[in-house]
Amino acid sequence: MALVMNEAELTAFLAREFPQVAEDFAIEAADEAETVVRLKVAERHLRPGGTVSGPNIFALADVGVYLAILARLGPVALAVTTNASIDFMRKPAAHADLIGRARILKLGRVLAVGDVLVFSDGQAEPVARASLTYSIPPSRPRGG
């Protein structure tokens with residue numbers, strides 16, 4: 001499916017609709033194969049023991065799939081996560097950004113399914129893998 005939003009449009013959408021998290025993320029690429037999102041790791045993202053916290057890794061996965069969906073559908077702000085599963089596979093580097101590589105596996109009228117591999121910047125092995133399902137709101141109001 002052809003893209004309808006590019007990196008700049010996704011970045012502007014995130015800043016407009018989700019300013020509370022927009023400063024943490026950078027959209028690095030968006031094409032038909034995947035959307036690449038960076039979590040700009042700062043001290044606030046770390047947990048005791050000097051590693052990026054699980055909730056921040058999950059946030060990257062969630063934002064990555066959300067933006068991959070928007071890249072294909074356009075600015076559908078009300079798409080919501082309906083299911084998520086994440087496997088934490090190895091400890092991420094404490095002071096390296098995280099890179100999420102999100103792919104859409106199925107994009108239907110009502111549901112979208114995607115997966116994400118999360119890497120510490122500069123490392124070849126993923127630190128986490130996530131699978132997410134989103135509900136896509138109807139494009140027009142239902143009859144009444």
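Start with strand 1 and strand 2 (residues 35-39): they pair in the antiparallel sense over 5 bridges. Two strands count as paired if DSSP finds at least two bridges between them. Helices (H or I, at least four residues) and strands (E, at least two) are DSSP runs, numbered from the N terminus. This is a predicted model: local features need pLDDT of at least 70, side-chain atom pairs count only at pLDDT 80 or more, and totals for chains, interfaces and linings use all residues. Residue numbers start from 1 along each chain as its sequence is written, and side-chain values use heavy atoms, with hydrogens and water left out.

**Stop 1**

Keep strand 1 and strand 2 selected. They form a hairpin with 4 residues between them. Pick Phe25 next. Its bridge partner in strand 2 is Leu39.

5 of its 5 residues are buried, so strand 2 is largely enclosed by the rest of the structure. Buried here means under 20% relative accessible area, exposed means over 50%, and partly exposed lies in between (1.4 Å probe, protein chains only). Which way do the side chains of strand 2 point? Thr35, Val37 and Leu39 go one way, Val36 and Arg38 the other, and all are buried. In a regular strand, side chains alternate between the two faces of the sheet.

**Stop 1**

Strand 2 pairs with strand 6 in the antiparallel sense, over 5 bridges. Thr35 stands opposite Ala102 in strand 6.

Strand 6 and strand 7 are antiparallel, with 9 bridges. They form a hairpin with 3 residues between them. Pick Ile104: its bridge partner in strand 7 is Gly114. How many residues of strand 7 are buried? The count is 7 of 10, so strand 7 is mostly covered.

Asp115 has its bridge partner, Ser131, in strand 8.

**Stop 3**

Contact means heavy atoms within 4.5 Å.

**Stop 4**

Select Leu10, Phe13 and Leu14. These residues of helix 1 are buried. They cover an arc of only 95° around the axis, which puts them on the same side of helix 1. The arc is that of the directions from the helix axis to the C-beta atoms. An α-helix has 3.6 residues a turn, so residues three or four places apart point the same way.

What do the buried residues of helix 1 pack against? Their neighbours are helix 2 (19-22), strand 1 and helix 3.

Ala8 belongs to helix 1 (residues 7-17) and has 55% relative accessibility. Draw a distance from Ala8 to Thr133: the C-alpha atoms are 25 Å apart, for 125 residues along the chain.

Then click Val21, in helix 2. Val21 is partly exposed, with a relative accessible area of 27%. From Val21 to Glu125 the C-alpha distance is 26 Å, across 104 residues of sequence.

**Stop 2: zoom out**

Show everything. The protein has 3 helices and 8 strands. From the N terminus on, they run α-α-β-β-β-β-α-β-β-β-β. The radius of gyration is 15 Å, close to the 15 Å that the globule rule gives for 144 residues, so the protein is as compact as a globular protein of that length. That radius is taken over C-alpha atoms; the rule is 2.2 Å times the number of residues to the power 0.38. Along its principal axes, the C-alpha trace spans about 55 × 30 × 25 Å. Buried residues make up 43% of the 144.
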